[in-house]
Protein chains: 2
Amino acid sequence: MNYEITVNIMPHEGLLDPQGKAVHQGLNKIGLNQIKDVRIGKKITLLVEAYNESEATKIAEESCQKVLVNAVMETAEITVKELV
Amino acid sequence: MNYEITVNIMPHEGLLDPQGKAVHQGLNKIGLNQIKDVRIGKKITLLVEAYNESEATKIAEESCQKVLVNAVMETAEITVKELV
């Protein structure tokens with residue numbers, strides 16, 4: 001079966017996010033002063049072929065550990081959706 | 001009131017995503033052959049001070065148009081959450 005897995009990766013809370021800070025300053029500079037903070041992360045979608053949802057989740061977790069996520073600086077959140 | 005706005009930005013469907021392709025090949029190379037496709041986008045969270053939800057949404061949309069999103073190549077999806 002095919003699964004669409006979404007991995008949302010954000011910098012840890014409290015950790016400085018220089019990219020977000022730069023975008024924040026840019027938005028303020030063009031007059032959008034109501035914006036008080038910006039944080040930038042990644043959204044990755046994986047198309048996975050697996051026998052069941054738990055196998056698909058395992059594959060996603062392994063991908064995160066080995067390649068997608070830097071656990072020192074980032075938090076990841078995985079959601080699995082079966083494709084029909 | 002404070003609103004947390006999440007902007008999910010993905011490359012248009014059907015458009016080549018070289019970053020996703022590179023990660024896909026990398027994952028396959030370390031043995032994760034069940035992964036058939038990878039697409040990489042951005043997840044941006046904005047903290048916005050506004051009088052109501054519709055004003056907050058307007059500010060987010062303006063940010064997307066002017067700075068965050070390249071409409072030629074990317075699709076954006078905005079969700080607004082009131083912070084209490």
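Visitor: What does A:E62 form a salt bridge with?
Guide: In this predicted model, A:E62 forms a salt bridge with A:K66, and the closest N and O atoms are 2.7 Å apart; a salt bridge here is a side-chain nitrogen of Lys or Arg within 4 Å of a carboxyl oxygen of Asp or Glu.

Visitor: And where do A:E62 and A:K66 lie?
Guide: Both lie in helix α2 (residues 53-68) of chain A, four residues apart, about one turn of the helix, where helices (H or I, at least four residues) and strands (E, at least two) are DSSP runs numbered from the N terminus.

Visitor: Is A:K66 buried or exposed?
Guide: A:K66 is exposed, with a relative accessible area of 53%, while A:E62 counts as partly exposed at 29%; buried means under 20% relative accessible area, exposed over 50%, and partly exposed in between (1.4 Å probe, protein chains only).

Visitor: Switching to chain B, what does B:E74 pair with?
Guide: B:E74 forms a salt bridge with B:K42, with the closest N and O atoms 3.6 Å apart. This pair links distant parts of the chain, since B:E74 is in strand β3 (residues 74-83) and B:K42 in strand β2 (residues 35-49), 32 residues apart.

Visitor: How should I read the numbering and the values?
Guide: Residues are numbered from 1 along each chain as its sequence is written, and chains are lettered from A and ligands numbered from 1 in the order in which they are written. Local features need pLDDT of at least 70 and side-chain atom pairs count only at pLDDT 80 or more, while totals for chains, interfaces and linings use all residues, and side-chain values use heavy atoms, with hydrogens and water left out.
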